[in-house]
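Reader: Hi! Could you walk me through this model?
Author: Happy to, here it is.

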Amino acid sequence: MNLLRVWGGGLYHTQEFYDFCDEHGIMVWQDAMFGGSHYPRNPEWLANIEEEVTQQAERLSWHPSILTWCGNNEMELSYEWPNNTLIRSNRNMFLNDYMTNIRTLRRAIKKVNPSYVFVSSSPTKGTIVDNDDEYLLRWGWIGDTRYGSVHHYDYMADCENFRSYPTAKFVTEFGWQSYPMPETYASAMEPEKDWGVGNPMNEFRNRRTDVTPQFLYQYGLHFNLPKDWNPEDPQERMSRFRSYLWIGHMQHARCYETALNFWRRLRSHATSLTMGVM
(Lines give C-alpha, C1' and ligand atoms only; values in the text may rest on other atoms or scores of the structure.)
Protein backbone atom coordinates (compact mmCIF):
# COMPACT_ATOMS: atom_id res chain seq x y z
CA MET A 1 0.00 0.00 0.00
CA ASN A 2 1.48 3.35 -1.01
CA LEU A 3 -1.57 5.64 -1.31
CA LEU A 4 -4.06 6.68 1.37
CA ARG A 5 -7.18 8.79 0.99
CA VAL A 6 -8.17 11.34 3.63
CA TRP A 7 -11.94 11.06 3.27
CA GLY A 8 -14.08 14.19 2.85
CA GLY A 9 -16.56 13.07 5.50
CA GLY A 10 -13.92 13.07 8.20
CA LEU A 11 -11.38 15.65 9.32
CA TYR A 12 -8.09 17.26 8.35
CA HIS A 13 -5.39 15.22 10.03
CA THR A 14 -2.62 16.43 12.33
CA GLN A 15 0.92 17.18 11.26
CA GLU A 16 2.06 13.82 12.66
CA PHE A 17 0.02 11.92 10.07
CA TYR A 18 1.53 13.79 7.13
CA ASP A 19 5.03 13.61 8.65
CA PHE A 20 4.67 9.83 8.87
CA CYS A 21 3.53 9.64 5.24
CA ASP A 22 6.45 11.81 4.14
CA GLU A 23 8.97 9.65 5.97
CA HIS A 24 7.57 6.31 4.76
CA GLY A 25 6.90 7.15 1.12
CA ILE A 26 3.11 7.04 1.42
CA MET A 27 1.18 9.30 -0.95
CA VAL A 28 -1.96 11.11 0.23
CA TRP A 29 -5.14 11.83 -1.69
CA GLN A 30 -6.49 14.76 0.32
CA ASP A 31 -10.22 15.47 0.26
CA ALA A 32 -11.52 18.85 1.32
CA MET A 33 -14.02 18.31 4.12
CA PHE A 34 -17.23 18.45 2.12
CA GLY A 35 -19.45 15.61 1.04
CA GLY A 36 -22.77 13.92 0.59
CA SER A 37 -24.73 17.16 0.93
CA HIS A 38 -25.52 20.35 -0.92
CA TYR A 39 -23.84 23.69 -0.25
CA PRO A 40 -24.98 27.24 -1.05
CA ARG A 41 -23.19 29.82 -3.16
CA ASN A 42 -23.87 33.05 -1.28
CA PRO A 43 -20.79 35.32 -0.86
CA GLU A 44 -20.44 34.66 2.88
CA TRP A 45 -20.32 30.91 2.38
CA LEU A 46 -17.87 31.09 -0.51
CA ALA A 47 -15.55 33.34 1.50
CA ASN A 48 -15.75 30.89 4.39
CA ILE A 49 -14.79 27.81 2.38
CA GLU A 50 -12.06 29.70 0.54
CA GLU A 51 -10.51 30.66 3.86
CA GLU A 52 -10.83 27.11 5.21
CA VAL A 53 -9.18 25.43 2.23
CA THR A 54 -6.49 28.12 1.94
CA GLN A 55 -5.48 27.57 5.57
CA GLN A 56 -5.29 23.81 5.10
CA ALA A 57 -3.47 23.99 1.76
CA GLU A 58 -0.89 26.37 3.25
CA ARG A 59 -0.45 24.12 6.29
CA LEU A 60 0.14 21.07 4.13
CA SER A 61 1.89 22.70 1.16
CA TRP A 62 5.39 21.59 2.13
CA HIS A 63 4.49 17.91 2.55
CA PRO A 64 5.75 15.90 -0.46
CA SER A 65 3.25 13.15 0.39
CA ILE A 66 0.29 15.24 -0.87
CA LEU A 67 -0.49 13.77 -4.27
CA THR A 68 -3.93 15.23 -5.02
CA TRP A 69 -6.46 17.65 -3.59
CA CYS A 70 -10.07 16.56 -4.09
CA GLY A 71 -13.03 18.90 -3.69
CA ASN A 72 -15.43 16.58 -1.85
CA ASN A 73 -16.78 13.10 -1.27
CA GLU A 74 -19.65 11.82 -3.45
CA MET A 75 -21.32 15.11 -4.27
CA GLU A 76 -21.36 14.45 -8.02
CA LEU A 77 -22.54 10.93 -7.27
CA SER A 78 -25.31 12.28 -5.02
CA TYR A 79 -27.00 13.98 -7.97
CA GLU A 80 -27.89 10.51 -9.27
CA TRP A 81 -29.20 9.01 -6.03
CA PRO A 82 -32.79 7.86 -6.72
CA ASN A 83 -34.13 9.28 -3.47
CA ASN A 84 -32.58 12.70 -4.07
CA THR A 85 -35.76 14.03 -5.62
CA LEU A 86 -35.23 17.68 -4.66
CA ILE A 87 -31.89 17.92 -6.44
CA ARG A 88 -33.07 15.85 -9.42
CA SER A 89 -36.06 18.16 -9.91
CA ASN A 90 -33.90 21.32 -9.67
CA ARG A 91 -30.78 20.00 -11.33
CA ASN A 92 -29.61 23.15 -13.11
CA MET A 93 -29.83 25.30 -9.99
CA PHE A 94 -27.96 22.77 -7.88
CA LEU A 95 -25.30 22.22 -10.52
CA ASN A 96 -24.69 25.96 -10.73
CA ASP A 97 -24.31 26.04 -6.95
CA TYR A 98 -21.96 23.08 -7.10
CA MET A 99 -19.74 24.47 -9.85
CA THR A 100 -19.43 27.80 -8.04
CA ASN A 101 -18.22 25.95 -4.94
CA ILE A 102 -15.82 23.76 -6.91
CA ARG A 103 -14.28 26.65 -8.79
CA THR A 104 -13.80 28.49 -5.48
CA LEU A 105 -11.99 25.51 -3.95
CA ARG A 106 -9.84 24.97 -7.03
CA ARG A 107 -8.84 28.64 -7.18
CA ALA A 108 -7.88 28.68 -3.49
CA ILE A 109 -5.76 25.52 -3.71
CA LYS A 110 -4.03 26.51 -6.95
CA LYS A 111 -3.25 29.93 -5.48
CA VAL A 112 -1.31 28.27 -2.68
CA ASN A 113 0.47 25.81 -4.96
CA PRO A 114 -0.14 25.96 -8.74
CA SER A 115 1.43 22.53 -9.17
CA TYR A 116 -1.20 20.78 -7.06
CA VAL A 117 -3.41 18.32 -8.91
CA PHE A 118 -7.05 19.19 -8.20
CA VAL A 119 -9.90 16.70 -8.72
CA SER A 120 -13.46 17.96 -8.28
CA SER A 121 -14.98 15.00 -6.45
CA SER A 122 -14.68 11.35 -5.60
CA PRO A 123 -15.97 9.77 -7.74
CA THR A 124 -15.99 12.01 -10.80
CA LYS A 125 -16.03 11.70 -14.58
CA GLY A 126 -13.19 14.21 -14.80
CA THR A 127 -12.89 17.41 -16.75
CA ILE A 128 -13.34 18.59 -20.32
CA VAL A 129 -11.50 21.87 -19.72
CA ASP A 130 -9.20 22.43 -16.73
CA ASN A 131 -7.33 25.72 -16.55
CA ASP A 132 -7.45 28.98 -14.61
CA ASP A 133 -9.76 30.61 -17.15
CA GLU A 134 -12.27 27.82 -17.56
CA TYR A 135 -13.16 24.69 -15.60
CA LEU A 136 -15.73 22.38 -17.14
CA LEU A 137 -16.66 18.94 -15.83
CA ARG A 138 -17.71 15.92 -17.85
CA TRP A 139 -21.25 15.06 -16.76
CA GLY A 140 -23.16 11.87 -17.37
CA TRP A 141 -23.74 8.57 -15.64
CA ILE A 142 -21.27 8.43 -12.76
CA GLY A 143 -20.90 4.66 -13.24
CA ASP A 144 -19.42 5.12 -16.71
CA THR A 145 -16.00 3.49 -16.28
CA ARG A 146 -14.51 5.02 -19.44
CA TYR A 147 -13.65 8.22 -17.57
CA GLY A 148 -12.52 9.36 -14.17
CA SER A 149 -12.99 7.32 -11.03
CA VAL A 150 -15.56 5.05 -9.40
CA HIS A 151 -16.79 3.94 -5.99
CA HIS A 152 -17.76 0.28 -5.82
CA TYR A 153 -19.94 -1.52 -3.25
CA ASP A 154 -22.10 -4.53 -4.01
CA TYR A 155 -22.79 -6.66 -0.96
CA MET A 156 -25.07 -9.10 -2.78
CA ALA A 157 -22.56 -9.99 -5.48
CA ASP A 158 -20.03 -12.78 -5.00
CA CYS A 159 -16.98 -10.81 -3.86
CA GLU A 160 -14.66 -13.68 -4.80
CA ASN A 161 -15.79 -13.53 -8.42
CA PHE A 162 -13.66 -11.03 -10.32
CA ARG A 163 -16.56 -10.33 -12.68
CA SER A 164 -18.29 -8.55 -9.79
CA TYR A 165 -15.88 -5.61 -10.08
CA PRO A 166 -15.93 -2.74 -12.60
CA THR A 167 -13.14 -2.23 -15.11
CA ALA A 168 -12.45 1.27 -13.86
CA LYS A 169 -9.68 3.74 -14.67
CA PHE A 170 -9.25 4.58 -10.98
CA VAL A 171 -11.04 3.24 -7.89
CA THR A 172 -11.15 5.91 -5.20
CA GLU A 173 -13.38 3.98 -2.81
CA PHE A 174 -14.47 0.37 -2.46
CA GLY A 175 -14.69 -2.27 0.19
CA TRP A 176 -16.32 -5.03 2.11
CA GLN A 177 -17.30 -4.49 5.73
CA SER A 178 -15.70 -6.53 8.51
CA TYR A 179 -16.28 -6.75 12.25
CA PRO A 180 -13.75 -5.87 14.98
CA MET A 181 -11.83 -8.46 16.98
CA PRO A 182 -13.64 -10.21 19.86
CA GLU A 183 -11.46 -8.34 22.35
CA THR A 184 -12.78 -5.04 21.00
CA TYR A 185 -16.35 -6.21 21.36
CA ALA A 186 -15.68 -7.44 24.89
CA SER A 187 -14.61 -3.95 25.95
CA ALA A 188 -17.83 -2.36 24.67
CA MET A 189 -20.49 -5.07 25.14
CA GLU A 190 -21.42 -7.74 27.68
CA PRO A 191 -20.48 -11.06 26.03
CA GLU A 192 -22.97 -13.26 27.87
CA LYS A 193 -25.78 -10.82 27.17
CA ASP A 194 -24.92 -9.14 23.87
CA TRP A 195 -22.83 -11.58 21.85
CA GLY A 196 -24.93 -13.23 19.18
CA VAL A 197 -25.54 -13.03 15.44
CA GLY A 198 -28.39 -10.56 14.96
CA ASN A 199 -28.35 -9.54 18.62
CA PRO A 200 -30.05 -6.11 19.05
CA MET A 201 -26.93 -4.54 20.62
CA ASN A 202 -24.72 -5.85 17.84
CA GLU A 203 -27.14 -4.59 15.20
CA PHE A 204 -27.35 -1.20 16.92
CA ARG A 205 -23.58 -0.79 16.90
CA ASN A 206 -23.37 -1.72 13.24
CA ARG A 207 -25.91 0.99 12.29
CA ARG A 208 -26.93 -0.87 9.11
CA THR A 209 -30.18 -2.75 9.53
CA ASP A 210 -29.68 -4.89 6.41
CA VAL A 211 -26.08 -5.98 6.94
CA THR A 212 -26.48 -9.29 8.79
CA PRO A 213 -28.53 -11.01 6.01
CA GLN A 214 -26.00 -9.74 3.48
CA PHE A 215 -23.09 -11.08 5.51
CA LEU A 216 -24.71 -14.47 5.98
CA TYR A 217 -25.49 -14.70 2.27
CA GLN A 218 -21.90 -13.90 1.34
CA TYR A 219 -20.39 -16.21 3.97
CA GLY A 220 -22.70 -19.00 2.84
CA LEU A 221 -21.23 -18.82 -0.66
CA HIS A 222 -17.78 -19.77 0.63
CA PHE A 223 -18.04 -21.36 4.08
CA ASN A 224 -20.00 -24.16 5.75
CA LEU A 225 -22.17 -22.31 8.26
CA PRO A 226 -24.09 -23.66 11.26
CA LYS A 227 -27.85 -23.89 10.91
CA ASP A 228 -28.31 -22.15 14.28
CA TRP A 229 -26.00 -19.29 15.24
CA ASN A 230 -27.69 -18.65 18.59
CA PRO A 231 -28.16 -21.83 20.64
CA GLU A 232 -29.64 -21.56 24.12
CA ASP A 233 -26.38 -22.37 25.90
CA PRO A 234 -24.63 -18.97 26.48
CA GLN A 235 -21.12 -20.40 26.19
CA GLU A 236 -21.88 -22.09 22.89
CA ARG A 237 -23.59 -18.94 21.60
CA MET A 238 -20.52 -16.86 22.46
CA SER A 239 -18.27 -19.44 20.81
CA ARG A 240 -20.30 -19.30 17.62
CA PHE A 241 -20.24 -15.51 17.68
CA ARG A 242 -16.43 -15.66 17.79
CA SER A 243 -16.56 -17.98 14.79
CA TYR A 244 -18.87 -15.51 13.05
CA LEU A 245 -16.33 -12.72 13.57
CA TRP A 246 -13.46 -14.93 12.38
CA ILE A 247 -15.36 -15.90 9.22
CA GLY A 248 -16.02 -12.21 8.62
CA HIS A 249 -12.30 -11.45 8.82
CA MET A 250 -11.48 -14.27 6.42
CA GLN A 251 -14.19 -13.19 3.98
CA HIS A 252 -12.98 -9.59 4.18
CA ALA A 253 -9.44 -10.65 3.26
CA ARG A 254 -10.58 -12.87 0.40
CA CYS A 255 -12.80 -10.12 -1.05
CA TYR A 256 -9.89 -7.70 -1.04
CA GLU A 257 -7.53 -10.28 -2.51
CA THR A 258 -9.88 -10.87 -5.44
CA ALA A 259 -10.55 -7.18 -6.09
CA LEU A 260 -6.95 -5.99 -5.85
CA ASN A 261 -5.56 -8.80 -7.97
CA PHE A 262 -8.20 -8.12 -10.62
CA TRP A 263 -7.48 -4.39 -10.77
CA ARG A 264 -3.71 -4.95 -10.81
CA ARG A 265 -4.12 -7.11 -13.89
CA LEU A 266 -6.16 -4.38 -15.59
CA ARG A 267 -3.34 -1.85 -15.40
CA SER A 268 -2.01 -3.08 -18.74
CA HIS A 269 -5.41 -3.93 -20.22
CA ALA A 270 -5.92 -1.85 -23.36
CA THR A 271 -9.46 -0.63 -22.58
CA SER A 272 -9.26 -0.54 -18.78
CA LEU A 273 -5.86 0.87 -17.75
CA THR A 274 -6.68 0.80 -14.04
CA MET A 275 -4.02 3.06 -12.54
CA GLY A 276 -4.90 3.03 -8.85
CA VAL A 277 -7.12 1.71 -6.07
CA MET A 278 -7.82 3.20 -2.66
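Reader: Does Glu236 count as buried, partly exposed or exposed, or put simply, which class is it in?
Author: Glu236 counts as partly exposed, because its relative accessibility is 32%. Buried means under 20% relative accessible area, exposed over 50%, and partly exposed in between (1.4 Å probe, protein chains only). A word on the source: this is a predicted model, in which local features need pLDDT of at least 70 and side-chain atom pairs count only at pLDDT 80 or more, while totals for chains, interfaces and linings use all residues. Residues are numbered from 1 along each chain as its sequence is written, and side-chain values use heavy atoms, with hydrogens and water left out.

Reader: Thanks! What does Glu236 form a salt bridge with?
Author: Its partner is Arg240, with the closest N and O atoms 2.9 Å apart. A salt bridge here is a side-chain nitrogen of Lys or Arg within 4 Å of a carboxyl oxygen of Asp or Glu. Helices (H or I, at least four residues) and strands (E, at least two) are DSSP runs, numbered from the N terminus.

Reader: How many salt bridges are there in the whole structure?
Author: The search finds 9. One of them pairs Glu50 with Arg107, at 4.0 Å between the closest N and O atoms. Glu50 sits in helix 2 (residues 43-60) and Arg107 in helix 5 (residues 91-112), so this pair ties together parts 57 residues apart in sequence.

Reader: And which residue does Asp132 meet?
Author: Asp132 meets Arg106 in a salt bridge of 3.1 Å, N to O. Asp132 is in the loop between strand 5 (127-130) and strand 6 (135-137) and Arg106 is in helix 5, so parts 26 residues apart in sequence are tied together. Asp132 is exposed, at 67% relative accessible area, whereas Arg106 is buried, at 8%.

Reader: Switching topic: where is Ser164, and what is it in contact with?
Author: Ser164 is in the loop between strand 7 (150-152) and strand 8 (171-174). Leaving aside neighbours within four places in sequence, Ser164 is in contact (heavy atoms within 4.5 Å) with His152, Ala157 and Asp158.

Reader: Last one, what about the whole chain: how many helices and strands?
Author: The chain has 10 helices and 8 strands. Of its 278 residues, 45% count as buried. The C-alpha atoms fill a box of roughly 70 × 45 × 40 Å, taken along the principal axes.
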